[in-house]
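Please look over the structure below before reading the report. The text goes from the whole chain to single residues.

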Amino acid sequence: LRSLKPPKKPQKNPKKLQKTPKPLPEPLPVPAMVSLLCCGPKMAACGLVLSAWGVVMLVRGNLRGSGGNLRGFEGNLREFGVPEGGPERIYGLYEQVSYNCFIAAGLYALLGGFSLCQTRLNKRKEYMVR
């Protein structure tokens, strides 16, 4: 006769139950941080000084010349005669020089802004741990 005991369950092998871990997927490539720092602290300071000087000189010269003051040319006009187009042409040239001075002063101001950014980036780099 059979015993009244329930039949034994087959034991599972614990080694077989352990699943092998799936390999981790490769990490996505991290884009390299682009540094906007392209010049050193001395060059940035030099750019600031040159741009400030350029803006001051060009604006000062522009304000002096934009009035159409022909005092410097009066002697040349008497000596060489009145050029073609007369004084109107000379005033037109003064206007053109005036616009060119303002454009150049704007470019110097952009250089100053760039130099200021470089100076700030250089100061920030001083505090970073390498």
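**Overall fold**

The model is predicted. The chain has 130 residues, and 15% of them count as buried. Its secondary structure consists of 4 helices and 0 strands, which gives the pattern α-α-α-α along the sequence. The accessible surface of the chain is about 12,200 Å², and carbon and sulfur atoms contribute 65% of that area. Among contacts with a separation of 6 or more, 85% are between residues 24 or more positions apart.

**The annotated span and the patch**

An unreviewed UniProt entry carries the annotation "transmembrane region" for residues 97–117. In the model, this span is 100% helix and 0% strand, and the C-alpha atoms at its ends are 30 Å apart.

Helix α4 covers residues 86–127 and contains I103. Together with L107 and L110, I103 makes up a nonpolar patch on the surface. The accessible area of these three residues together is about 340 Å². I103 counts as exposed because its relative accessibility is 55%, and the cut-off for exposed is over 50%.

Is S51 buried or exposed? S51 is buried, because its relative accessible area is 5%, and buried means under 20%. The residue is located in helix α2, which runs over residues 41–65. Apart from neighbours within four places in sequence, S51 has contacts with Y108, L111 and G112.

**Cysteines**

How many disulfides does the model contain? The count is 0. A disulfide is a covalent bond that joins the sulfur atoms of two cysteines. For C38, the closest cysteine sulfur is that of C39, at 4.7 Å, so the pair is too far apart for a bond. The cut-off used for a disulfide is 2.5 Å between the sulfur atoms. Seen from C39, the closest cysteine sulfur is in C38, also at 4.7 Å and too far for a bond. As for accessibility, C38 is exposed at 58%, whereas C39 is buried at 12%.

The table lists the relative accessible areas of the residues discussed above.

| Residue | Relative accessible area | Class |
|---|---|---|
| I103 | 55% | exposed |
| C38 | 58% | exposed |
| C39 | 12% | buried |
| S51 | 5% | buried |

Terms used. Residues are numbered from 1 along each chain as its sequence is written. This is a predicted model: local features need pLDDT of at least 70, side-chain atom pairs count only at pLDDT 80 or more; totals for chains, interfaces and linings use all residues. Side-chain values use heavy atoms; hydrogens and water are left out. Patches are made of residues with over 30% relative accessible area and no salt bridge: like charges are joined within 9 Å, nonpolar side chains (Val, Leu, Ile, Met, Phe, Trp, Tyr) within 5 Å. Accessible areas come from the Shrake-Rupley method with a 1.4 Å probe; for residues, only the protein chains shown count as cover. A salt bridge is a side-chain nitrogen of Lys or Arg within 4 Å of a carboxyl oxygen of Asp or Glu. Helices (H or I, at least four residues) and strands (E, at least two) are DSSP runs, numbered from the N terminus. Buried means under 20% relative accessible area, exposed over 50%, partly exposed in between (1.4 Å probe, protein chains only). UniProt positions are given in the numbering used here, feature names are shortened, and annotations may be inferred rather than shown by experiment. Contact means heavy atoms within 4.5 Å.
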